[in-house]
Amino acid sequence: LDGRDTLLVLPTGGGKSVCYQLPPLVRDRPAIVLSPLVSLMKDQVDSLRANGVPAAALHGLLSDEEKRDVLREFVHGRIPVLYLAPERLALGSLISILAAAEPCLVAIDEAHCISQWGHDFRPEYRRLRPIIEQIADCPIMALTATATPKVQQDIQKNLGMLNAKLFKASFNRANLYYEIRAKANVGKQIIQYIKANSGKSGIIYCLSRKKTEEIAELLQVNGIKALPYHAGMDSGQR
C-alpha cells in the first residue's frame, strides 16, 4: 500500500494471495497477477468470487469473445483482480489495454520461475520487468514458497527490485517429516507400509505415467484400493 516493491517467501498456506488481493480492494484500482498455471488461476478466481470479489482470469481456454469480455470489464474497473500467464503478457498486444486500467500493483506468483536457479525456470519470466514498466509505474510484488537465498537474489535482480521489502516466514511444519529408506523390493515395501497404515489415505509419486499404472495395478491385486492419475488420462477419467 506504500507503493514499495515486495518479495514474499512464505510457505504454502502462509497467506501470500491475500497480500495481492487486498491492495486493489483498498485502493479501488485493479491488480494484475501473473500466474503460471490455469488450474492455480481458477482456484484463486473461484475463491475470490465465492467471497464476493468479481475476479477473472485470461487464458487460452477461453473463447475470443470471453477474452474480449474479460478485458472490457477489467478496463472499465469492474474486475479488481485479473490473472493471466506471463506468456500471454509477453505477446505484447495486451500491454496498452492493461495500461488503460491503471493497475495499482503487478504481482508475480510462483516467482521462483524467474530464476535460472529455480526448480521451474520459465524463460518468459526473465522478460517481465520492461513489460511491466510499459503497463504502469506501480509496485511489483513477487511471491514464492520455494526460494533459496540465491534464488531470492536472482528474482530481485531480474525484476529490478533490489530494494524490495522482504517478508519471510518459517517453513517448518511440525506435522510433517521426511524418512528415506534404501530400496530393496519396492513393491513389497510399499505394500507393507500401506498395510501398516490401514484406514489412512496417501499419494505415491512416480517418475512416469507407466509407473503410476504399474504401481496402482500392483496395489489392486494385493487388495488395496488404488488408482493411477496422470496427464495422459482424459478429463473425464481424471
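The legends below describe close-up views of a predicted model.

**Figure 1. The largest pocket and the residues around its centre.**
The volume of the largest pocket is about 1800 Å³. Its lining is made up of 37 residues, and those closest to the centre are Ile-190, Tyr-193, Ile-203, Ile-204 and Tyr-205. Helix H8, which spans 186-196, and helix H9, which spans 209-221, each contribute at least two residues to the lining. By residue class, the lining of the largest pocket consists of 20 nonpolar, nine polar and eight charged residues. Rolling a probe the size of a water molecule over the atoms shows where empty space is left.

**Figure 2. The salt bridge between Asp-154 and Arg-126.**
The structure contains eight salt bridges. In the one formed by Asp-154 and Arg-126, the closest N and O atoms are 3.0 Å apart. The two residues are 28 residues apart and the pair links distant parts of the chain. Asp-154 belongs to helix H7 (residues 149-158), whereas Arg-126 lies in the loop between strand E5 (105-108) and helix H6 (128-135). Asp-154 has a relative accessibility of 9%, and therefore counts as buried, the limit being under 20%. Arg-126, at 27% relative accessibility, counts as partly exposed.

**Figure 3. The salt bridge between Arg-181 and Glu-179.**
The side chains of Arg-181 and Glu-179 meet with an N to O distance of 2.7 Å. Side chains of opposite charge can pair when their charged atoms come close. Arg-181 has a relative accessible area of 53% and is exposed. The cut-off for exposed is over 50%, so Glu-179, at 47% relative accessibility, counts as partly exposed.

**Figure 4. The salt-bridge network of Lys-210, Lys-211 and Glu-214.**
Salt bridges link Lys-210, Lys-211 and Glu-214 in a network. Lys-211 and Glu-214 are separated by about one helical turn, because they are three residues apart in helix H9.

Conventions. Residues numbered from 1 in each chain as written. Predicted model: local features only at pLDDT ≥ 70, side-chain atom pairs only at ≥ 80, totals over all residues. Heavy atoms only, no water. 1 Å grid on protein atoms, 1.4 Å probe; cavity = no way out; pocket = protein on both sides within 12 Å on 5 of 7 lines; lining within 4 Å. Points joined across faces, edges and corners; volume = space filled by probe spheres on them. Helix = DSSP H or I, 4+ residues; strand = E, 2+ residues; numbered from the N terminus. Nonpolar A, V, L, I, M, F, W, Y, C, P; charged D, E, K, R; others polar. Salt bridge = Lys/Arg side-chain N within 4 Å of Asp/Glu carboxyl O. Buried < 20%, exposed > 50% of the residue type's maximum accessible area, 1.4 Å probe, protein only.
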